[in-house]
Amino acid sequence: MKFNHNGFSRRAILMAMGLMLTACAQTNSVQPTPDPSSDPQSIKSMFTVEITPADETGYDITRPLRQIEITNHTEQAQKIVSFAYKVNIGGVCEVEIERWIAPKTTETFLFEGETRTDMDPMARLRFQSEDSTEITEVDWDTEKRQSFMSEKSEREFLINDGYTVLVREEQDGYQFALLPGKEASFCEITAPYYGGTLEDQLLSDQYRDGDPIFYSFLDLELPLEEKERSYIDTLMQKYGVDYAYQGEYDAAALMRDYQRMESFALSPSEDPDHPYILLYCDPDYNQLTAEQLQEAETQKLDWQQLWPQLQKIREDYHSVHFRGWDEPLSEAQRLQLMALCEEKEIDASFEGEPPRNEMGADKPVIYLYHDTPLDFTLKLGQEPTLSYPVYDQGWTGRVSGDQLILQGRDYPYLYYEAMIPDRFDQNEGFVVAREDTISFLEEKLALLGLNYQESADFITYWLPILSQFPYNKIQFPSAVYADLMPMDCDPQPDTIIRVYMVSEGLEEPIEIEPQVLTPAPERKGFTLVEWGGSRRNPN
């Protein structure tokens, strides 16, 4: 393992970076150093906050990189939960931090976004004192406060975002143990990480969730030779984070000391300023530790005790894998367990089952509509492989009419791509000739709820793809896709319309059972509309 090669902690490095950046940057808003004893209730007697331009560039040049330097003047540690800054177009943007600042200490964090320059850009601060269970939110200008209970709890370390269920068959039925960490016997590149760079990822991760993160780098698409390792070493030392190459770490120590591991490979880039793009990988973890197996013997759960836990795990979008406890699962056991999970609507993988086919969810886009300005947060059921604007554990912004405002920029819609399992029924749909494609789509999309602009966006994207074959088999399994890619939008929309198309090119027409389509609901109030699709390879 490589731990803090230069002898400094990650926090110390960030502090040092912040101090150096502050010395050479033009400050937007400089707060005079307060007398902490003057007003113990005043937020500005507790904290000094300075927002300045950073001398580094983020991955989006339209979203300037800035630093915020926060000094804790109190006698106890304070957790900075988040801060909000004022943006040029009006309104505020929230940045989550979840970091502790020691007493009488200054910490520096980087964030992306254009702040106000004609006034103090700080809008509000959320913090939690070490002796309190409450989070305090303070308006920076008026000092108006409100408090609420902290619901964030310590999260279990999921080394690859999944769980393993050990299965043992006894005379009176199955016996189970549930352990964090999904067993994996291979490393697999799941997707390019939205064309970003390693430094982009480190900038994002430095304040994300407040979790101690460990990084693992793998020899996959591009072997990690001396040049590649030098590139990685330089950046990891710069940000003071811990990492290893190709599984050269102690899994037990990793699970004890960290909250999360991220695994990456590199791919060549044609950009001379950024020679590599990052590939996000399944973590290279292939066995449970001896300590975990020993702990499993104390569980011995029955199915009634296990399945409610599995449902909660799936609600949190984590994966579940069943394997034999003492010996591999037999086919009969696997089928029985699959039936149990299907009855409780638990999606899981099973030892010995054939690999499941995956397909790309191509250009799903999400429109939001509201007559008056409304702040929103939208999260997907899994991390997208590509996104614009960048998906960072979700999208947070404001909808005003038919425009979305995120990080100070206007967007017509939210775009993403993802990999999903192919669980679509291929026995019903429509066979459409090339020359009938436009009229067919206009008719069906109107029935499914898309307006003229949304239909035009859909057709101009898919028409060149569908026109490659004389015929296409087309289906709209929108409800199935909604189950595969659930969404969590706050506030909850009054109307949700999700349209998903699966198509397959054909050289000759075929007979198929026509699909019965359900008309979309009438649009009312806060409305979310999504369209997207997948393309099957022709047989």
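A nonpolar core is a set of buried Ala, Val, Leu, Ile, Met, Phe, Trp, Tyr and Cys residues joined through side-chain atoms within 4.5 Å, where buried means under 20% relative accessible area, exposed over 50% and partly exposed in between (1.4 Å probe, protein chains only). The views below come from a predicted model, in which local features need pLDDT of at least 70 and side-chain atom pairs count only at pLDDT 80 or more, while totals for chains, interfaces and linings use all residues. Residues are numbered from 1 along each chain as its sequence is written, and side-chain values use heavy atoms, with hydrogens and water left out.

**View 1. The largest nonpolar core.** Welcome to a core of 27 residues, where Ile366, Phe376, Trp395 and Ile420 have the most contacts inside it. At least two residues each come from β18 (358-380), β20 (395-401), β21 (403-406), β23 (414-421), α11 (478-484) and β27 (495-506); helices (H or I, at least four residues) and strands (E, at least two) are DSSP runs, numbered from the N terminus. Follow Phe376 for a tour: among the residues it touches are Leu368, Trp395, Val399, Leu404 and Asp490, not counting residues up to four places away in sequence (contact means heavy atoms within 4.5 Å). Apart from this core lies another of 24 residues, among them Tyr367, Phe440, Leu441 and Leu445.

**View 2. Helices α9 and α10 packed together.** Helix α9 (residues 437-448) and helix α10 (residues 452-466) pack at about 145°, their axes 11 Å apart; axes are lines fitted to C-alpha atoms, for helices over the stretch in contact, and angles run from 0 to 180 degrees between N-to-C directions. On the α9 side look for Thr437, Ile438, Leu441, Glu442 and Leu445, which meet Ser455, Phe458, Ile459, Leu463 and Leu466 in α10. By class, this contact has seven nonpolar, two polar and one charged residues (Ala, Val, Leu, Ile, Met, Phe, Trp, Tyr, Cys and Pro count as nonpolar, Asp, Glu, Lys and Arg as charged, and the others, Gly among them, as polar).

**View 3. A five-stranded open sheet.** Here the strand order is β4-β3-β6-β7-β8, with antiparallel pairing; two strands pair if DSSP finds at least two bridges between them. β4 (92-101) and β8 (145-149) are the edge strands, each with a single partner, so one side of each has no neighbour in the sheet. From one strand to the next, the twist averages 20°. Strand β3 (residues 78-86) pairs with β4 over eight bridges in the antiparallel sense, and Gln78 stands opposite Ile101 in β4.

**View 4. A three-stranded open sheet.** The strands run in the order β1-β2-β5, again with antiparallel pairing. Its edges are β1 (47-53) and β5 (105-112); each has a single partner strand, so one side of each is left without a neighbour in the sheet. The average twist is 20° from one strand to the next. Seven bridges join β1 to strand β2 (residues 65-72) in the antiparallel sense, and Thr48 has Thr71 in β2 as its bridge partner.

**View 5. His274 in its loop.** To find His274, go to the loop between β14 (260-268) and β15 (276-281). His274 is partly exposed, with a relative accessible area of 38%. Thr197 lies 77 residues away from His274 in sequence, yet their C-alpha atoms are 7.0 Å apart. Leaving aside neighbours within four places in sequence, His274 is in contact with Thr197 and Ser269.
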